[in-house]
Amino acid sequence: VATGYGRITAKFATKTITEITCHARGAHYLHPATRTIVDIGGQDCKVIRLDEDGNVADFAMNDKCAAGTGRFLEVIANVFKVPLEELGEMAGGDAPLVPINNTCTVFAETEIISLVARGECAESILKGVFTSIASRVAGIASRIGVNGDVFFSGGVAKNFGVVTALESVLNCPVFVPDFDPQLVGALGAAVLARELGARA
Amino acid sequence: MSEKGAPFRYPERIKEAFLASGDLTFGDGTTVSTAQMWEFLTEEGPRRFPAAFTRDPFSGGLSPDVDFLAGVKRYYWAFTGFDRFKARHKNGAPIVAVQAGSPLEIYYAARCLVVGPGFPVGWLLQQSTGLSREEMQRRLAAIRNECKKSMPAECCTIVAPFNAVHTSQTPIDFAAPITMTACSDAMFTIESARRVENNIPSFVVDFPVNHQAGSWRAEYLASQLRMLAARLGKLSGVTVTDEVMAAEIKRQNQLRRLARECTELWWNAEVPPANSGDRGILGMCSADAHNYPVVMQLLTEARAEIQHRLARGIRGRGLHHNPVRLFVCGSCAAVNAFMIEQAGGVVVGHEEGLSLLYMDTKEDGDPFMNMAEALCDLPYERPPEQRAAWTAQKVKESRADGVIFVYNWGCNYQSSISRMVTEIIKAQAGVPTLTIDISQSGQMTNAEQARTRIEAFMEILDRNRSVSRQAAFSCR
């Protein structure tokens, strides 16, 4: 089973299944109580609602805009001249949050540069950035509703700051797997391949 | 780098059956034999339009159902359409730009050549024949970019290219849209026409969109339609009398009745007898006097072929076994039917097209008033709640498993009501819905994202169907 953008180019695959269905099955495999998945990757953000068997009941996506995606974090990491992996930990202290008003990645970058120039500390600004991403996700989630256990997948789930902000904005605990969150879709594809193989 | 497509050829094995099918006769009496059509489709066509005669890995290209002969024949009609169009324009028929999705009786009655907003791009593309698929895509992108330079960013992807008229390379004689809600951007057509360097004459029919009840609405519209008819007639030299208008209404009604019959045959078939692209031919419900006999013939032949397939349980080629049935809503709504079929689906209908197909115009009495009343009652132009209720009914009749509402960037009215309409359809037809916004630059820029959304939606629908089947089985 091939999944993800470009799945149709995997000529060796016997079946293609979207990453939405694969993430659902992967999350269900890792945490069967999952009913809502937040998946934030490099170029889009998805909220997926599941039934008790790990099937997709509904989903909503942002794929038009870099706001609320991993690309947004890459831009911010560049502003602070730090590796992407260190960004989350930088917001771990007690400094107060500085709200980021712009949703657009380009304008947010400008706003952050202004905040840095104004003397705001990186920790406060980053808390604002993570809350901005979490709020964006919450807005998408509100279209389909958040129910049951919330599972966080995709590369952005590795960012502790976004996880904390998401829990705060959604007002519920967010489950991040010990398994690499970037590979949940691939895991789901493998689970589905096993099911299809068993049926054949 | 784009993937190369394989050349597409019509197989010799269908030649005999194709030659035995009917010749095409146009409104001016000219006839094209099946032998001439076959020669075009196998020799001249591939030479002139190599891009079309290529199996495109992303959009498919010509229908793979080569045994659906009415479908094959319609390609001859389509590919040679520009040649006839140019010849008629040369002979004095004026080209009139209209709003996308408009009923066209009044323009046809005045014997005008009617074009939508996409015409200038099509015209410019036609200036260069023999382009490969890659060359065609590059040329199209260049034209679109050129057209957008002097058009406001909020103008939609479909209407913005109309700005190509400003290059004066496209022959528009008159811009006369009816400003219905189907298109929020019709006025950009007028804006392009009125640019100083063009100075193309224009006339706007002010469609009363406030949905208030009362006879004033139709009377107001009828008075404007009469003015439009006078302007069109002056241009073409044809006086649009009540008799001329009444005859045109009658003709289009006949066409709609036949197209409805064909569409409903397809809907009610246990196995879809034609693929999404070929199903489109069944919904052709508009043609000017020149093309009218051809469209009637294509529909009649298509109906016979559909009936033949129904009797034998033949499925349209290109379709999966028991495909997921998708109904598409929205203006200028284009979904990649090839992609949907590859993923195991089939498109059962388009809301905007079906609204025109089910438009009933009275034939007795004042034809302009009849036309105005029909326009006011057009399902797509009703208040959103009523439009959604009508569409929900068509979703049920077409036995769709799900609905996709598609709108283009800049299509303000459709984007603002899309969620309301889909929520009502979901409640009344009991099927899931999906809303897709096509980006400003057109479908090319977010093809993968759109594919993922649509395929994931189809996976949900397929899953729903299997659950329903299991439930039905348990009940038994």
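A search of the whole structure, a predicted model, finds 36 salt bridges over all chains. One of these joins Asp65(B) and Arg309(B), whose side chains meet with an N to O distance of 2.7 Å. Asp65(B) lies in the loop between strand 4 (54-55) and helix 3 (69-79) of chain B, and Arg309(B) lies in helix 12 (residues 292-312) of chain B, so the pair ties together parts that are 244 residues apart in sequence. Asp65(B) and Arg309(B) are both buried.

A salt bridge also links Asp360(B) with Arg260(B), and the closest N and O atoms of this pair are 3.0 Å apart. The two residues belong to parts of chain B that are 100 residues apart in sequence and are tied together by the pair: Asp360(B) is in the loop between helix 14 (351-357) and helix 15 (367-376), and Arg260(B) is in helix 10 (residues 242-268). Asp360(B) is exposed, with a relative accessible area of 54%, whereas Arg260(B) is buried, at 14%. In the salt bridge between Arg133(B) and Glu134(B), the closest N and O atoms are 3.5 Å apart. Arg133(B) has a relative accessible area of 6% and therefore counts as buried; Glu134(B), with 13%, is buried as well.

Between chain A and chain B the count is one salt bridge, in which the side chains of Arg7(A) and Glu455(B) meet at 3.0 Å, N to O. Five residue pairs are in polar contact across the interface of the two chains, with both residues of each pair at pLDDT 80 or more. On the side of chain A that touches chain B, helix 1 (19-30) and strand 3 (56-62) of chain A each supply at least two residues. Strand 3 of chain A gives the most to this side, with six residues. By class, the side of chain A that touches chain B has eight nonpolar, seven polar and eight charged residues. In total, 23 residues of chain A are in contact with 19 residues of chain B. The area buried between the chains is about 1700 Å², and carbon and sulfur atoms give 50% of this area.

Within chain A, five strands form an open sheet with mixed pairing and the strand order 3-2-1-4-5. Strand 3 and strand 5 (174-175) of chain A are the edge strands, each pairing on one side only. Strand 5 of chain A runs parallel to strand 4 (residues 149-153) of chain A, and two bridges join them. Phe151(A) stands opposite Phe175(A) in strand 5 of chain A.

Helix 5 (residues 160-170) of chain A has as its buried residues Gly161(A), Val162(A), Val163(A), Ala165(A), Leu166(A) and Leu170(A). These buried residues pack against strand 1 (34-40), helix 2 (70-80), helix 4 (122-141), strand 4 and strand 5 of chain A. At the N-terminal end, helix 5 of chain A is capped by Asn159(A), which has a side-chain oxygen 2.9 Å from the backbone nitrogen of Gly161(A).

In chain B, strand 10 (residues 402-408) is mostly covered, with seven of its seven residues buried. One side of strand 10 carries Gly402(B), Ile404(B), Val406(B) and Asn408(B), and the other carries Val403(B), Phe405(B) and Tyr407(B); all are buried, and both faces of the strand are covered. Strand 10 of chain B pairs in the parallel sense with strand 8 (residues 324-329) of chain B over four bridges, and Leu326(B) stands opposite Gly402(B). Six bridges join strand 10 to strand 11 (residues 433-438) of chain B, also parallel. Here Phe405(B) stands opposite Thr435(B) in strand 11 of chain B.

Three further strands of chain B form an open sheet with parallel pairing, in the order 6-5-7. The edge strands, strand 6 (113-115) and strand 7 (174-175) of chain B, each pair on one side only. Three bridges connect strand 5 and strand 6 of chain B, and Ala97(B) stands opposite Val115(B) in strand 6. Ser102(B) is placed in the loop between strand 5 (95-97) and helix 5 (105-109) of chain B. Ser102(B) counts as buried because its relative accessibility is 5%. The side chain of Ser102(B) reaches the backbone oxygen of Gln99(B) at 3.0 Å. Neighbours within four places in sequence aside, Ser102(B) is in contact with Ile178(B), Met180(B) and Leu356(B).

Note on methods. Residues are numbered from 1 along each chain as its sequence is written. Chains are lettered from A and ligands numbered from 1 in the order in which they are written. This is a predicted model: local features need pLDDT of at least 70, side-chain atom pairs count only at pLDDT 80 or more; totals for chains, interfaces and linings use all residues. Side-chain values use heavy atoms; hydrogens and water are left out. Contact means heavy atoms within 4.5 Å. Buried area is the accessible area (1.4 Å probe) that two parts lose on being put together, summed over both. A salt bridge is a side-chain nitrogen of Lys or Arg within 4 Å of a carboxyl oxygen of Asp or Glu. A polar contact is a pair of N or O atoms within 3.5 Å; within protein, one must be able to donate a hydrogen and the other to accept it, and residues adjacent in sequence count only if both atoms are side-chain atoms. Ala, Val, Leu, Ile, Met, Phe, Trp, Tyr, Cys and Pro count as nonpolar, Asp, Glu, Lys and Arg as charged, and the others, Gly among them, as polar. Buried means under 20% relative accessible area, exposed over 50%, partly exposed in between (1.4 Å probe, protein chains only). Two strands pair if DSSP finds at least two bridges between them.
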